[in-house]
Amino acid sequence: MSYLEWIAAAFVLTNVALVALRSVWNYPFALVAVTLYAFVFFEAKLYSDMLLQGFFFALNLYGWAAWMRARDDSGVPVRWMTERARRGWALTTIAAWIGWSFAMDRYTDAVAPWIDGAIAMLSITAQWLLARRRVESWFLWILVDLIAVPLFASRGLYATSAVYVVLLGLSIDGLLQWRRAAATGEVPA
């Protein structure tokens, strides 16, 4: 474990706690966290997670702008997806996972290409839905957390594994808070 991993972990925890509270100020913490974690995951040969950090950086910039436009006095409004949108995102995520993981398995020395690929593709979908303020993003984050804890522990990334245990709790809290916020009568988009 490195000091860099611990610092990145602290930024992630702050970020997710602010997301659960629907605070737009989560984004500066996210940008620092993903930058640091790109180095941590490269060192651990978790290339899908390393590359994922670049995607997160770009999507966090998009999310920051989108949340700034959408916020009001009660925070950032959230909504549920339609059933059709859920099916579409599920199929797209599964197809991306299979394609990505196959490529990582075949063309790199990644240590866990299929599990790491699942974390990456689920995270991409979850982060996109989070930027779009969809409640379903939290279900995906919970699944990511459950998969990531044992993977990161197996690679000796104990601080990161512990962070994902805490993230699991924060994700459950985020889901509960966003469900309540979405129940205020907003229609799914």
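Q127 is buried, with a relative accessible area of 7%; here, buried means under 20% relative accessible area, exposed over 50% and partly exposed in between, using a 1.4 Å probe and protein chains only. This is a predicted model, where local features need pLDDT of at least 70, side-chain atom pairs count only at pLDDT 80 or more, and totals for chains, interfaces and linings use all residues. Residues are numbered from 1 along each chain as its sequence is written, and side-chain values use heavy atoms, with hydrogens and water left out.

- Q127 sits in helix α5, and its partners are F56, L59, N60 and W141, not counting residues up to four places away in sequence. Contact here means heavy atoms within 4.5 Å.
- Q53 belongs to helix α3 and is buried too, with a relative accessible area of 7%.
- Leaving aside neighbours within four places in sequence, Q53 is in contact with V34, Y37, A38 and F41.

**Fold and overall shape**

- You get 7 helices and 0 strands, so to speak an α-α-α-α-α-α-α pattern along the sequence; helices (H or I, at least four residues) and strands (E, at least two) are DSSP runs, numbered from the N terminus.
- The radius of gyration is 16 Å, close to the 16 Å that the globule rule gives for 189 residues, so the chain is as compact as a globular protein of that length. That radius is taken over C-alpha atoms, and the rule is 2.2 Å times the number of residues to the power 0.38.
- Along the principal axes, the C-alpha atoms fill a box of roughly 50 × 35 × 25 Å.
- Of the contacts between residues at least 6 apart in sequence, 74% join residues at least 24 apart.

**The nonpolar core**

- Buried residues account for 47% of the 189 residues.
- The largest nonpolar core has 52 residues, and W138, F152 and W178 have the most contacts inside it. Such a core is a set of buried Ala, Val, Leu, Ile, Met, Phe, Trp, Tyr and Cys residues joined through side-chain atoms within 4.5 Å.
- Two or more residues of this core come from each of α1 (3-20), α2 (26-43), α3 (47-70), α5 (113-131), α6 (137-154) and α7 (158-182).

**Surface**

- The accessible surface comes to about 9,300 Å², with 69% belonging to carbon and sulfur atoms; the areas come from the Shrake-Rupley method with a 1.4 Å probe, and for residues only the protein chains shown count as cover.
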